[in-house]
Amino acid sequence: MSELRLDTVSVGTLKEVSLQVGSGAVVCISGASGSGKSRLLRAVADLEPHDGRVYLDDTEQGSLPAHEWRKRVVMIPADSQWWFDEVGAHFAEDARHTMPEALGFPPGVMDWAVSRLSSGERQRLALWRALAMAPEALLLDEPTANLDEDMTAAVEAWLLDEIRRRNLAVLWVAHDQGQIRRVANHHYRISGSQLEWVNGSH
Amino acid sequence: MEVIDLAWWKLGLAALLVLALAGVSLWARLGITRSLLIASARTGIQLALIGLVLEALFASARLYWIALLATVMLLVAGREVMARQQRRLRGIWAFGIGTGAMFVSSFAVTVLALTVIIGPSPWYAPQYAIPLLGMMLGNTMTGVALSLDRLNESVWHQRAVIENRLMLGQTWRQAVEDIRKDAMRGGMMPSINAMAAAGIVSLPGMMTGQILAGSPPAVAVKYQILVMLIITVGTGFGALMAVSWGSRRLFDERERLRLDRLVKVGK
């Protein structure tokens with residue numbers, strides 16, 4: 001039940017970005033490659049030095065130890081990383097047995113070797129790995145970039161369902177206009193050093 | 001037993017052999033002739049100079065002269081540690097961390113060995129202090145350099161993994177835990193291997209030297225065991241400190257991976 005608020009955040013070429021993401025709401029950010037979408041997410045996750053403030057409700061980013069902040073505001077990068085040999089080692093015990101069906105994996109996936117995963121499979125597993133941590137806000141960097149059309153629709157629907165059910169505040173970097181129409185409560189586009197509001201329901 | 005002194009002109013004979021090797025490598029275009037000659041000349045000059053320094057030092061045996069020589073040795077070793085890292089921390093850190101780790105470990109272990117184990121009088125007697133410290137520094141230097149190089153290189157290559165682990169709420173320690181272990185192992189392996197091979201595969205140089213100088217092998221062997229043990233201890237603690245200080249510096253107070261603090265040099 002938390003609201004994510006950016007107050008005059010500056011990182012890289014982006015200057016003084018302010019926006020709010022309500023609990024259970026999705027704010028999409030689009031922009032040309034290299035415009036600083038990912039860096040903005042990284043600043044919100046406090047992975048990069050930046051100016052301005054970020055709040056989760058009344059909690060300011062700097063008031064928590066960085067790893068505590070990142071447990072509550074989890075970023076999922078476009079290219080997820082896997083450092084153990086087996087899939088299951090990356091998950092907490094209970095998360096191994098509660099893998100959602102919508103992600104389209106057979107029951108044995110936790111025993112698979114990471115090396116046999118396709119990029120799409122990694123992407124879907126990374127979503128579950130992050131959600132299973134029970135965060136309050138999600139930072140998604142093109143979460144369906146490596147998925148085919150059917151899988152994109154399924155993952156999108158599942159994500160939206162989880163977002164509403166868990167009341168997550170979500171910043172979602174996307175480039176596909178169709179996807180933005182389907183998932184976004186608000187849509188901002190990066191233009192130069194500013195964030196430009198495109199549309200959305202107030 | 002009297003030690004046979006070597007006349008300088010006899011060393012010239014050995015130098016002639018080096019020249020022969022240089023000639024062959026020039027003919028075979030190995031491309032190492034230049035560095036071979038320079039290194040041989042450096043060996044001759046550096047060791048001749050240190051011989052003079054040691055002669056003077058042994059004659060005076062004052063603590064401040066010994067401390068001065070020890071400081072110079074430490075600083076040179078610190079510079080060497082820095083030079084052996086392909087990616088190093090910016091600013092004073094690369095030198096500071098390596099030198100600091102070597103200072104704490106080498107000096108502490110050497111002083112301990114001198115005062116508690118060997119017990120010459122005075123405890124800083126140069127005949128014991130300087131060779132012991134020299135061997136400690138030489139090996140600690142290798143260990144610290146190897147472990148820091150491994151640390152920085154692995155962090156650089158695995159930056160995406162480290163950041164992904166941070167994104168999932170891990171502390172910076174958890175995120176580099178494997179790399180730290182690996183770097184420490186890398187720094188300590190040479191001394192562990194040397195201990196394992198000692199006496200069977202290799203006759204350690206110090207012991208050999210002592211025997212050449214007329215010591216009974218039984219005594220030389222005891223010194224060699226002592227030296228290998230304390231070298232391993234010094235190298236281990238040195239690598240441990242260097243890796244923990246070095247990895248701390250790669251993250252800032254917000255546990256962000258700060259690769260901008262690394263700079264690549266050479267090659």
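Visitor: In which helix of chain B does B:Ala94 lie?

Guide: The model is a predicted one. In chain B, residues 93-118 form a helix, and B:Ala94 falls within that range. The helix that holds B:Ala94 is H4.

Visitor: Is B:Ala94 buried or exposed?

Guide: A residue counts as buried if 20 or more other C-beta atoms lie within 10 Å of its own. B:Ala94 has 26 such atoms within 10 Å, and therefore B:Ala94 is buried.

Visitor: Which residues is B:Ala94 in contact with, leaving aside its neighbours within four places in sequence?

Guide: Contact requires C-beta atoms within 7 Å. With the neighbours within four places in sequence set aside, the contacts of B:Ala94 are B:Met82, B:Gln85, B:Arg88 and B:Leu89.

Visitor: What is the C-alpha to C-alpha distance between B:Ala94 and B:Leu262?

Guide: In sequence, B:Ala94 and B:Leu262 are 168 residues apart. In space, their C-alpha atoms are separated by 9.3 Å.

Visitor: How many residues of H1(B) are buried?

Guide: Helix H1 of chain B covers residues 8-27 and reaches 29 Å from its first C-alpha to its last, close to the expected 28 Å. H1(B) is hardly covered. Among its 20 residues, the count of buried ones is 0.

Visitor: Is B:Ala61 buried, exposed or partly exposed?

Guide: B:Ala61 sits in the loop between helix H2 (33-60) and helix H3 (63-83) of chain B. Its phi is positive, about 55 degrees, although B:Ala61 is not a glycine. The limits are 20 or more C-beta neighbours for buried and 12 or fewer for exposed. B:Ala61 has 14 inside 10 Å, so it is partly exposed.

Visitor: Is A:Ala134 buried or exposed?

Guide: A:Ala134 belongs to the loop between helix H4 (119-131) and strand S7 (137-141) of chain A. Its phi, near 55 degrees, is positive in a residue other than glycine. Because A:Ala134 has 12 other C-beta atoms within 10 Å, A:Ala134 is exposed.

Visitor: What is the radius of gyration of chain A?

Guide: Chain A contains 6 helices and 10 strands. For its 202 residues the globule rule gives 17 Å, and the value for chain A is close to this, so chain A is as compact as a globular protein of that length. The radius of gyration of chain A is 16 Å.

Methods
Residues numbered from 1 in each chain as written. Chains lettered and ligands numbered in written order. Predicted model: local features only at pLDDT ≥ 70, side-chain atom pairs only at ≥ 80, totals over all residues. Helix = DSSP H or I, 4+ residues; strand = E, 2+ residues; numbered from the N terminus. Contact = placed C-beta atoms within 7 Å. Expected span 1.5 Å × (residues − 1). Rg over C-alpha atoms; globule rule 2.2 N^0.38 Å.
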